Amino acid sequence: MVIAIKDKFIWDSWYVHDGDLWHGYFLQAPRSIGDPDLRHWNVTYGHATSRDLTNWTHLGTTFAPTEGPAWDDLTTWTGSVVRGDDDLWHLYYTGTSKAENGLYQRIGHATSTDLHNWSRIGDGKILDLDGPNAVHYEVSMDASVWHDRAMRDPWVMRDPDGDGWLMYFTARSRGIAEPNAGGCIGFATSPDGYDWTLQPPVFTGGYGQLEVPQVFEYGGQWYCLFCTAAEHFSIEQAAKTAGGPVTGNHYLIADNPRGPWRIGPDFLDGALPCRRYAARIVRDGDRLLILGFADRPDGGDFVGHVMDPEEVIVGQDGHLNIPSQQQAAE
């Protein structure tokens, strides 16, 4: 295991490289709560550093819900960290409130000079499902359709086609008849990383939710890594998935970060006994490495640590694969 703390559950994580150090951020909750499903409602961020992505020095808790009442006084969930145009470090995160029982998700923003001590910009909230382009999204909570009002897991990157910034996030499209076909990759743009404009989704379909998106380029091809559960495959996607749906990590492919995106042909990672969830792919020199947390790798109890990195290979066809997973399947 690569990131583990004896008395804490650890799950979603994300990484940023600064000089010769990797900084890893992760969701954590005390194991004293007993039931691991309660971890989502007892969450803070942990922070650790490493020179090799395997051996980590833990620096303790780095971010937590606001002491309420506030829009993010219940949870601070998965996000991403980038260095901004102002040379500050920028954290974009998911927040929910006690007043709404954690059912409505929104996106927040904080900055730091040292990658550990964070200050919210105003009250933190920078993006909600409102404005002209909200018509494209499922903006209200209807438990008969889906279990939450999804707007979470922001992934922020510089716009490779010009000035400004792009944000991708987990959401749901409006007006899709089958709930498990309504998951989408939401999209927003900003000129400076502070002021954001909601845009239409860049992808919809295949799944009820596409969690923890990560967009990156390699070899001239664009990839959007995401994770989902077997029970959230659409009828169509389940039928054309060899071997049937499996909980784990998948990816989309495009020629441009704005799309159009299409579902990758191969399931990336999830075959037992090496199941990761909420994976990230980081570039270490010329190599791509995948890291993600151990969910229930043997089909039993929740584990809750980040697994050792493994190399990801990009084939001549542009498809991603993990050699160790292929060997395990053979």
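This is a predicted model: local features need pLDDT of at least 70, side-chain atom pairs count only at pLDDT 80 or more; totals for chains, interfaces and linings use all residues.
Student: Why is Gln-209 called buried?
Tutor: Gln-209 has a relative accessible area of 6%, and buried means under 20% relative accessible area, so Gln-209 counts as buried. Gln-209 lies in the loop between strand S12 (197–204) and strand S13 (211–218).

Student: What makes the pairing of the Gln-209 and His-232 side chains a polar contact?
Tutor: The two side chains are joined at 3.3 Å, and a polar contact requires a pair of N or O atoms within 3.5 Å, so the pair of Gln-209 and His-232 meets that distance limit. Leaving aside residues up to four places away in sequence, Gln-209 also touches others, including Trp-146, Arg-152 and Cys-227.

Student: Leu-53 and Asp-87 are in loops too, so how do you know whether each is buried or exposed?
Tutor: Leu-53, placed in the loop between strand S3 (44–50) and S4, has 0% relative accessibility, and since the limit for buried is under 20%, Leu-53 is therefore buried. Asp-87, found between S5 and strand S6 (89–96), has a relative accessible area of 53%, and because exposed means over 50%, Asp-87 is exposed.

Student: What is the phi value of Leu-53, and what is that of Asp-87?
Tutor: Phi is near 65° for Leu-53, a positive value in a residue other than glycine, and for Asp-87, again a residue other than glycine, phi is positive and near 70°.

Conventions:
Residues are numbered from 1 along each chain as its sequence is written. Side-chain values use heavy atoms; hydrogens and water are left out. Helices (H or I, at least four residues) and strands (E, at least two) are DSSP runs, numbered from the N terminus. Buried means under 20% relative accessible area, exposed over 50%, partly exposed in between (1.4 Å probe, protein chains only). A polar contact is a pair of N or O atoms within 3.5 Å; within protein, one must be able to donate a hydrogen and the other to accept it, and residues adjacent in sequence count only if both atoms are side-chain atoms. Contact means heavy atoms within 4.5 Å.
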